[in-house]
Amino acid sequence: MDKLSIKLPGLDLKNPVMPASGCFGFGREYSQFYDLSLLGSIMVKATTLEQRLGNPVPRVAETSSGMLNAIGLQNPGLEKVISTELPWLAQYDLPVIANVAGSMTEDYVAVAEKISRVENVKALELNISCPNVKEGGIAFGTDPEIAKDLTARVKEVSSVPVYVKMSPNVANISEMALAVEEGGADGLTMINTLVGMRLDHKTGKPVIANKTGGLSGPAIKPVALRMVYEVSQVSNLPIIAMGGISSAWDVIDFISAGASAAAVGTANFVNPFVCKEIIEELPGILDELGADHIHDLKGRAWKVGEIANHRA
Amino acid sequence: MIKVEKMKIIQQTEIAENIFKISLKGSLVNEISMPGQFVHIKVNTANDPLLRRPISISSYDKKNQIMTLIYRASGLGTRELANQSEEIDVMGPLGSGFPIEQAEGQTAILIGGGIGVPPLYECSKQLKNKGFNVIHVLGFETKDTVFYESAFKELGPVYITTADGSYGTKGFVTDAITEFDLKADVFFACGPVPMLGAVEKQLNHIPGYISMEQRMGCGIGACLACVCTVNGPELYKKVCTDGPVFRKGELVYG
């Protein structure tokens, strides 16, 4: 497995594969299928200061090669996550990335300060880009100055490195990345879902109760890949990529585009074993490509030379 | 225990208009613990449709490791399923079904609407085995979509309703219960949400169990897509893991 082990700010990972936030709960459900310690990390469900009940149903709708969701950050709230979910996850040899969400700067700061002090939380993922709640941080994710300020405020209180989750729903993703880098971010996670809609053929009305939802799944992979390719060339921050990843070759694509690690989202719903299978398949693919380590392939999409020898 | 298994398709036939019966063989059947549980099926190996499809288990035979599902081929996924003939990727059994062991009394009334009828078949068989008299009230859109009438008749009386009056009583299942003045000690219902609400109101005087439908993502409780509103402090429960079967009075309709 040495071909896959990587070090990122705060994270000493056995491999660069992890489930994406919102697609794996706090791990309990998937622990029925395999030992979670196999994973590089786990990005747990977004946590807000208070419990959130989320949006009305229907909350999901299928689209071609993808799905729309508008769950609305349903979660049990900070205290319960700290007292129940994170201690449960501590039984696994698994660095946790805690996804922090809120409506106001003060919410993010309060959640970040407390959750970052939990022993198995090794990094934060600042969720400034959830498109599915009225006050879900979308402004934080689309305005560079606001994003920079929020990142700086959270950095002040966090005991662990802070990764910022980037919204694809912006005109210039690089500008946003550079803004949060200036704000002191330790890394980027990208991309969140794309705002989309589906209408019922018969009624002409939106299928999802929230009207719009976040598009995920294989349909968004080309968008995510392009954004990782672009941002990795202008920012010095490591990128944990996500967006339609459902196979080991998808992971290779994102590493090639410049990412350091990869998160799997919607594909977990289709195949609960997908993360495990990707981790098992990666070494064989590296052999096939003649790479000694997965990061030998990092950024080869835009770097000069056959195989870039660039380990994070 | 939940399993993911490539199950062998041993039979697939259209038993009414767009209604298919599929029989699957595999060790997953050993894990089924109660009628009313469901499975989550990947209908093909492609990305479109992407998600699995939740389909209730209509009956099962552990001795021969066979389970039967009945589904309506109405959308992209279920039409794709209707085309399959060799094997299929199945995850299950999922959810909590009808708690037969908790049912008390002598007579049970089973009320199904459309594609909510199938899980009642195994429920009826097990109630009958427990010594209950079972009455069935099954609602369909038209005569062409009626299925399993004779199978249910082997277990007890069957009252059919059709929305257009082309067969049986014209109207809804609640109309048949009134028209024939059907009495029971406990009810079991599965069907469209408006039907469930109407049945619960009509049979408020007896205990009952309701099987709920909702759009699903993961099917195992992680994605929180399939929540339903319930009475009590929790407000939401997950149809996939807390249900699909709920006790009468738990759900909030509308």
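In which strand of chain B is the place of F246(B)? F246(B) sits in strand β15 of chain B, residues 245-247. The model is predicted, and local features need pLDDT of at least 70, side-chain atom pairs count only at pLDDT 80 or more, and totals for chains, interfaces and linings use all residues. Residues are numbered from 1 along each chain as its sequence is written, chains are lettered from A and ligands numbered from 1 in the order in which they are written, and side-chain values use heavy atoms, with hydrogens and water left out.

View 1. Strands (E, at least two residues) and helices (H or I, at least four) are DSSP runs, numbered from the N terminus. F246(B) has a relative accessible area of 1% and is therefore buried (buried means under 20% relative accessible area, exposed over 50%, partly exposed in between, with a 1.4 Å probe and protein chains only). Not counting residues up to four places away in sequence, F246(B) touches G208(B), Y209(B), I210(B), M212(B), C228(B), K237(B), K238(B), V239(B) and L251(B), where contact means heavy atoms within 4.5 Å. From C-alpha to C-alpha, F246(B) and M34(B) are 14 Å apart in space, and they are 212 residues apart in sequence.

**View 2. Aromatic pairs of chain B and an aromatic cluster of chain A.** Rings of Phe, Tyr and Trp (its six-membered ring) pair if their centres lie within 6.5 Å; planes under 30 degrees apart count as stacked, over 60 as edge-to-face and the rest as tilted. Over all chains the count comes to 15 aromatic pairs. The rings of F140(B) and F147(B) have centres 5.4 Å apart and planes at 70°, so this pair is edge-to-face. F140(B) and F147(B) are both buried. For F188(B) and Y209(B) the ring centres are 5.4 Å apart and the planes stand at 25°, so the pair is stacked. F188(B) belongs to strand β11 (residues 186-190) of chain B and Y209(B) to strand β12 (residues 208-211) of chain B, so the pair ties together parts that are 21 residues apart in sequence. F188(B) and Y209(B) are both buried. In chain A, one aromatic cluster is formed by F24(A), Y30(A), F33(A), Y34(A) and F273(A).

**View 3. Packing of helices α7 and α9 of chain A.** The axes of α7(A) (residues 248-257) and α9(A) (residues 274-289) come within 9 Å and cross at roughly 60°. Axes are lines fitted to C-alpha atoms, for helices over the stretch in contact, and angles run from 0 to 180 degrees between N-to-C directions. The angle makes α7(A) oblique to α9(A); angles under 35 degrees count as roughly parallel, over 145 as roughly antiparallel, 65 to 115 as roughly perpendicular and the rest as oblique. On the α7(A) side the contact is made by A248(A), W249(A), V251(A) and I252(A), and the residues of α9(A) include I278(A), E281(A) and L282(A).

View 4. K114(A) touches L78(A), E79(A) and I82(A), leaving aside residues up to four places away in sequence.
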